[in-house]
Amino acid sequence: MAANPDREVCHRAGRGGKMLLPVMAVLAAAVLASLPSAAVATNYTVGDEKGWNPKVDYTSWVKKHRPFYKGDWLLFEYQNGRSDVVQVDEVGYDNCDKESAISSHSKGTSYAFQLKEAKDYFFICSYGYCYSGMKLAVTAKKGPASSSPDSGSSSSSSPAAKSSSKSAAAPIAARNAAALAAAMLLRLL
């Protein structure tokens, strides 16, 4: 009968290899520590509990939550038929003018927008509330939230969570390396 290498490892670990488990745990910890840390994107509900509505100070809201980073999500919650979310350029923002709109969303009661590039973003409500302050200017910076490997995806995709909590977005390579290390450890036990 041929010798089974897995059985031999288990046999050795059972008799005199009591140090094998702590050594393997240290090795697994070292492998995991050497992996790149997971990038974290933040999901922001615009206006917090007040949402995307008239009579909300969005300038103060931006100051409260900044800095924003590439990869972060903005969730606009609004009343269907009473407001919309229009992405415009800076001139459209300054003049509350939707004529040069980049995008416009008015269906449903919410819209999720990902900050895919490090740049300035401008949003207004085209229902007339822009003139009383229902507009938002956000600057996204390069930085820790650059977690979107698919920068060409549609901006209408929704985030995993709709609150302003942090959600880990571990890179695929890090997850695969951690799974491989765990599998190797289990095989040796």
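Asp-48 is buried, at 17% relative accessibility, where buried means under 20% relative accessible area, exposed over 50% and partly exposed in between (1.4 Å probe, protein chains only). Accessible areas come from the Shrake-Rupley method with a 1.4 Å probe, and for residues only the protein chains shown count as cover. The model is a predicted one, in which local features need pLDDT of at least 70 and side-chain atom pairs count only at pLDDT 80 or more, while totals for chains, interfaces and linings use all residues. Residues are numbered from 1 along each chain as its sequence is written, and side-chain values use heavy atoms, with hydrogens and water left out.

Asp-48 forms a salt bridge with Lys-64, with 3.0 Å between the closest N and O atoms. Asp-48 lies in the loop between strand S1 (39-45) and H3, and Lys-64 in helix H3, so the pair ties together parts that are 16 residues apart in sequence. In contrast to the buried Asp-48, Lys-64 counts as exposed, at 58% relative accessibility. One salt bridge is found in a search of the whole structure, the criterion being a side-chain nitrogen of Lys or Arg within 4 Å of a carboxyl oxygen of Asp or Glu.

The protein contains five helices and nine strands, taken as DSSP runs (helices H or I, at least four residues; strands E, at least two) numbered from the N terminus. Their order along the sequence is α-α-β-α-β-β-β-α-β-β-β-β-β-α. Of the 189 residues in the protein, 32% are buried. Strand S1 includes Ala-41, which counts as buried at 6% relative accessibility. The C-alpha atoms of Ala-41 and Lys-70 are 8.2 Å apart in space, although the two residues are 29 apart in sequence.

The largest nonpolar core has 22 residues, of which Trp-52, Leu-74, Phe-76 and Leu-136 touch the most other members. Two or more residues of this core come from each of helix H3 (58-65), strand S3 (73-77), strand S6 (110-114), strand S7 (120-124) and strand S8 (135-141). Another core, of seven residues, lies apart from it and includes Val-88, Tyr-93, Ile-124 and Cys-130. A nonpolar core is here a set of buried Ala, Val, Leu, Ile, Met, Phe, Trp, Tyr and Cys residues joined through side-chain atoms within 4.5 Å.

Asp-89, Glu-90, Asp-94, Asp-97, Glu-99 and Asp-120 form a negative surface patch. Patches are made of residues with over 30% relative accessible area and no salt bridge, like charges being joined within 9 Å and nonpolar side chains (Val, Leu, Ile, Met, Phe, Trp, Tyr) within 5 Å. Lys and Arg count as positive and Asp and Glu as negative, without His and the chain ends; the place of a charge is NZ of Lys, CZ of Arg, CG of Asp or CD of Glu.

Most residues other than glycine have a negative phi, and most peptide bonds are trans. Arg-66 and Pro-67 are joined by a cis peptide bond, with omega about 10°; Pro-67 is in the loop between H3 and strand S2 (68-69). Lys-55 has a positive phi, near 65°, and is found in the loop between S1 and H3, where it is exposed at 82% relative accessibility. Cys-96 also has a positive phi, near 50°. Cys-96 lies in the loop between H4 and strand S5 (103-105) and is buried, with a relative accessible area of 14%.
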